[in-house]
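Please look at the sequence and the structure shown here. The paragraphs that follow consider confidence, then the packing of helices, and then a pocket.

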Amino acid sequence: MVLQASLILIIVFALLMVIGIPIAISIATASLATVLIVLPFDVSVFTSAQKMITSLDSFSLLAVPFFILSGIIMNNGGIAIKLVNLAKLIGGRIPGSLAHTNIIGNMFFGSISGSAIAASTAIGGTLSPLQEKEGYSKTFSAAVNIASAPTGMLIPPSSAFIIFSLISGGTSIAALFMGGYVVGILWGLSVMVVAYIIARKKKYSITANVSFNEAKKIIIEAIPSLLLIIIIIGGILTGVFTAIEASAVCVVYSLFLALVFYRSLSLKQLPSVLVQAVEMTGVIMFLIAASSGMAFVMALTGIPEALSNLILGISDNKFVILACITIILLIIGTFMDIAPAILIFTPIFLPIATSLGIDPVHFGIFFIFNLCIGTITPPVGTGLFVGASVGKVKIEKVLKPLIPFYVAIIVVLLLVTYIPQISLFLPNAFGL
């Protein structure tokens, strides 16, 4: 039955995806088709619907719409240019300074907005014309933007870590956030190293010196935006509020910045911002519900246990098993978005990891790191398509310049996977 169920699930899901059916509907339909081999039609429909609805009955999920709303407010509130100026100040004296500005800007804005797409569009869209004007290759500029955009999904606040915490049975969100800081910054630094080597080879320009008064103004203007990260993480670590409550604080502070401090967002624009947030939340919640239905079907038909036995049957060596999980996740990430991948594959791989003595926080961080790489790899990586569009280059032309960045990111992934102290030393230092 396991083989039959697996084939039905995979074939129906793949077929629906190929013909262009939205991923959430593809997941739900494939799940229903699979459960029919076990239960009668009426029971299958009722049970699947019940599992989908009850999966959304979680207090932890309140953080998702709040962080989404905060990110949209930041994205529409003119915050990007403040962070671009700060990033230019930090990376301005390094060869290829505008490329480094792009990377640092993506790290700043991605973490605040919680979206790789928003960072790639806002920061890359601002800097791509400037880089072209300074003689940078369009494909190099696009590759830098694409390679650094996912850092914001690792540097908190990150909805991916919240979803993982929920599905994994309560892994500490604060610990995931702190570990995410380290690996997200390492990802960004690895991209900067590659950009530096290429920029020196091609003799790309360095940004002109900024006067002390200009630098002071840039820093003062950017500090309120960066304070959001300090307030959220500081509040969680000191126990002033929980990670869920932090999401609401994030919205209030974002509104204060956009409406009062920067005055870059008007009250008339708020309805549009709220509609965007509702639309994005609806998509993610439907994905969560559909993926929970698939997880139920997989558990009912014994697929996770069979896959677990298959992987553990390959070897009893911890490092070999980690390599197998990493390869599978990299493949999954190339065609599936992060949210459904977390929901479907966490219940499969987490028990394997814990049986090998792997810390759930460490597992969650390298698990999401793998999936983030998938957002910038073909054939379906949304970050790849958006970044190419922002840079006004064709996908096939940007893939070759991306190769050295892929290599650097994979090296960091292997370090994070096989050296757990990298992702755990900061959570351990704070006693999380």
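The term pLDDT denotes the predictor's confidence in each residue, on a scale from 0 to 100. This term is needed at the outset because the model is a predicted one. For the chain, the mean pLDDT is 83, and 97% of the residues reach 70 or more. Among the elements of the chain, the highest mean pLDDT, 93, belongs to helix 18 (residues 360-374), whereas the lowest, 75, belongs to helix 5 (residues 80-91).

We turn now to the packing of helices. Two packed helices are described by the angle between their axes and by the distance between those axes. Helix 18 packs with helix 16 (residues 318-335) at an angle of about 35 degrees, and the two axes lie 7 Å apart. The crossing of helix 16 and helix 18 is right-handed. On the side of helix 16, the contact is made by L322, I325, T326, L329, L330, I332, G333 and T334; on the side of helix 18, it is made by F366, F367, N370, L371, I373 and G374. By class, this contact of helix 16 with helix 18 has 9 nonpolar and 5 polar residues, with no charged ones.

A second pair consists of helix 19 (residues 382-391) and helix 20 (residues 395-418), whose axes come within 11 Å and cross at roughly 115 degrees. Helix 19 and helix 20 also form a right-handed crossing. Here L384, F385 and A388 of helix 19 meet I395, V398, L399, L402 and Y406 of helix 20. The residues of this contact comprise 8 nonpolar, no polar and no charged.

Finally, consider the second largest pocket, which holds about 430 Å³ of space. Which elements give two or more residues to the lining of this pocket? They are helix 1 (2-18), helix 14 (270-301), helix 15 (303-314) and helix 17 (338-355). Helix 1 provides the largest share, 6 residues. In total, 16 residues line the second largest pocket, and L9, I10, F13, F335 and F345 lie nearest its centre. By class, the lining has 15 nonpolar residues, 1 polar residue and no charged residues.

Key: Residues numbered from 1 in each chain as written. Predicted model: local features only at pLDDT ≥ 70, side-chain atom pairs only at ≥ 80, totals over all residues. Heavy atoms only, no water. 1 Å grid on protein atoms, 1.4 Å probe; cavity = no way out; pocket = protein on both sides within 12 Å on 5 of 7 lines; lining within 4 Å. Points joined across faces, edges and corners; volume = space filled by probe spheres on them. Helix = DSSP H or I, 4+ residues; strand = E, 2+ residues; numbered from the N terminus. Nonpolar A, V, L, I, M, F, W, Y, C, P; charged D, E, K, R; others polar. Axes fitted to C-alpha atoms, helices over the stretch in contact; angles between N-to-C directions. Left-handed = near helix turned anticlockwise from the far one by under 90°. Contact = heavy atoms within 4.5 Å.
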